[in-house]
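Welcome! Please take a look at the sequence and structure below, and then walk through them with this short briefing.

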Amino acid sequence: MAEIGQVRIRIPSSIKRGDVVRVRSLVIHPMEIVQRDKAGKPVDKNYRFINRMIVTYNGREILQADTTQSISENPFFSFAFKPSEAGTLKITFLDTHGGKYEGTADIKFS
Amino acid sequence: MTRLEALLSAGLFLGVGLALGCAGTERPSTAGLPPTPWASRALPEAQGEIKTSPDGRKMQVRYRGWTTEDFGQFRTYAYDDPRPAPAVSRLSMPQVKGDPREGRKLFLSRAKGPCTGCHLIPGDDVWPAGNVGPDLSTFGDRNLPDDYVFTQVYDSRNFFPHTTMPPWGTTGALKPEEIVHIVAYLQTLKGPLSPEKDPNRNPDTRAKPVGFGDNLDPTNNPGIVLAEGAMSLWNKRGPAGKACGDCHAGGPAKAMKGVATRYPNYVKAFQRVMSIEDFLTVHAPGTTGLPMLAESDENLSTTMLIKMQSNGMPVQVDLVSPEARAAFERGRASFWKRVGQRDHACADCHTKGAGRGADKFLGGRLLADVDAGLTKHFPLWRTSVGAVWDMRKRMQWCMTPLGMNMLPADAVEYAELELFLTSFDNGKPMSVPGIRH
């Protein structure tokens with residue numbers, strides 16, 4: 001597995017003013033899934049998985065998402081937004097063990 | 001013509017005849033073949049081992065979920081397999097009454113052909129049909145005698161020596177009675193046809209698949225994350241106290257740049273043609289002391305990590321050295337060799353021409369053309385199985401449904417076949433890992 005917490009962000013290679021930008025992001029994370037004991041009952045413990053995603057653009061929060069459970073190993077999130085000015089997109093992932101993983105992408109108009 | 005001229009031309013003719021005669025008796029070169037049989041260093045399920053169960057039934061060990069049927073009676077690509085192709089045979093049509101309903105069921109049965117893999121017939125339940133062979137939707141209108149149609153299915157080579165249609169009866173894939181039912185069904189196919197409701201049902205009008213987007217986008221191709229994960233292997237010290245990075249300085253980006261463009265390559269130290277995967281099976285244990293078996297996750301992800309460093313650079317495998325030339329010729333012979341229960345050659349599906357498969361549909365799958373290059377994006381992520389496959393597993397899988405026992409993943413035969421295939425990619429930019437269905 002690649003290094004845990006690495007955030008990969010993909011944006012279109014050319015963006016024009018007024019475009020709706022589709023952002024694709026991926027974070028490297030094992031995303032522990034619920035274990036069950038022999039009786040089939042879920043084992044009660046603090047599972048390590050990403051439970052919150054925060055997206056800011058030029059420091060202003062534009063998206064926040066809570067995930068209530070482990071979605072997938074190396075989870076993938078995609079969303080669209082319309083930037084009114086050039087700037088920096090920052091995506092932050094938080095996990096249940098206090099891990100904080102950040103990635104940024106610069107958006108310029110061509 | 002003067003007497004002298006006549007003499008000269010006769011001499012020339014004789015000379016050509018002699019040269020041809022010599023070429024005919026010349027043995028194929030053994031340059032580039034390992035001097036002793038190659039001991040496989042592949043995962044147990046990738047070695048093609050034949051086992052005998054307690055009840056005496058033979059089976060071949062294959063990957064999880066693959067058939068374990070033993071096809072030992074049919075010939076393979078192995079260089080020590082001198083068996084000829086199954087002889088053309090003929091059988092007079094058994095005197096049983098053909099049942100068209102039964103015949104249609106057999107025609108569609110995935111456990112048999114399915115005949116629909118290559119031939120279209122009417123019906124909304126025919127999905128998906130291929131177009132490698134002729135459309136049989138109105139076959140009954142040809143009014144061919146039952147006898148002729150029976151022999152055509154039993155062993156088409158009776159009429160067409162170079163056909164790509166398997167000799168279904170000769171190799172026992174279909175029983176004679178089953179062919180009688182299929183003949184009865186085919187004779188019921190009469191026009192006119194009702195108009196097609198869905199253009200995708202007919203392979204001639206079906207839309208070609210568009211692929212899965214940018215294969216080098218890590219948010220799109222899970223293979224990239226796996227390949228980057230091999231960095232931990234790159235830096236891992238083995239029992240010999242060394243890691244890859246200790247000798248190959250500067251990280252993979254510097255040390256491995258352009259390396260993969262030369263593989264498969266004849267490697268002097270091991271006296272055989274090797275792909276990156278093959279080379280790692282012996283080089284990694286020999287230097288770091290860590291095993292790196294063919295088809296293991298470690299081998300595949302390290303191979304991808306190495307190959308990625310050559311992305312965008314043109315493939316340039318050696319086809320000039322005597323070893324490479326001889327290996328290329330053997331690879332070409334394998335590509336055209338008919339093998340297995342279906343008596344198919346790679347070339348049947350992957351070259352263009354009448355009755356050949358390239359750029360046509362085999363069932364729902366569009367067959368690739370060898371001319372376009374089949375290797376520059378391997379290993380790749382297969383969306384249908386959710387895993388990384390290298391060229392070898394692809395070859396092993398290709399021939400399994402066609403009734404051939406697979407060879408070990410790191411077999412010399414596969415390496416030289418891969419060299420032949422890679423020759424079509426020479427000059428084209430590498431793009432690893434690919435993403436395919």
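Two strands pair if DSSP finds at least two bridges between them. Helices (H or I, at least four residues) and strands (E, at least two) are DSSP runs, numbered from the N terminus. This is a predicted model, in which local features need pLDDT of at least 70 and side-chain atom pairs count only at pLDDT 80 or more, while totals for chains, interfaces and linings use all residues. Residues are numbered from 1 along each chain as its sequence is written, and chains are lettered from A, with ligands numbered from 1, in the order in which they are written.

**Strands in chain A**
- Strand β3 (residues 50-57) of chain A pairs with strand β4 (residues 60-66) of chain A in the antiparallel sense, over 6 bridges.
- V55(A) has L63(A) in β4(A) as its bridge partner.
- β3(A) and β4(A) make a hairpin with 2 residues between them, and N58(A) in the turn has a positive phi of about 50 degrees.
- β3(A) also pairs with strand β6 (residues 87-95) of chain A, antiparallel over 7 bridges.

**Chain B as a whole**
- Chain B holds 14 helices and 9 strands.
- Its C-alpha trace spans about 75 × 75 × 50 Å along the principal axes.
- Chain B has 437 residues, and 39% of them count as buried (20 or more other C-beta atoms within 10 Å of the residue's own, with C-beta atoms placed from the backbone).

**A covered helix in chain B**
- α10(B) is mostly covered, with 10 of its 12 residues buried; among them are L300(B), M304(B) and I306(B).
- The buried residues of α10(B) pack against α5 (222-229), α6 (231-234), α8 (251-255), α9 (276-287) and β8 (387-389) of chain B.

**Domains and contacts**
- The domain assignment, which is automatic or from a database, gives chain B domain 1 (31-70 + 210-437) and domain 2 (81-207).
- The C-alpha centres of domain 1 and domain 2 of chain B lie 34 Å apart.
- In chain B, 14 residues of domain 1 are in contact with 17 residues of domain 2 (C-beta atoms, placed from the backbone, within 7 Å).
- Between the chains, 6 residues of chain B are in contact with 10 residues of chain A.

Definitions and conventions
Two residues are in contact if their C-beta atoms, placed from the backbone, lie within 7 Å.
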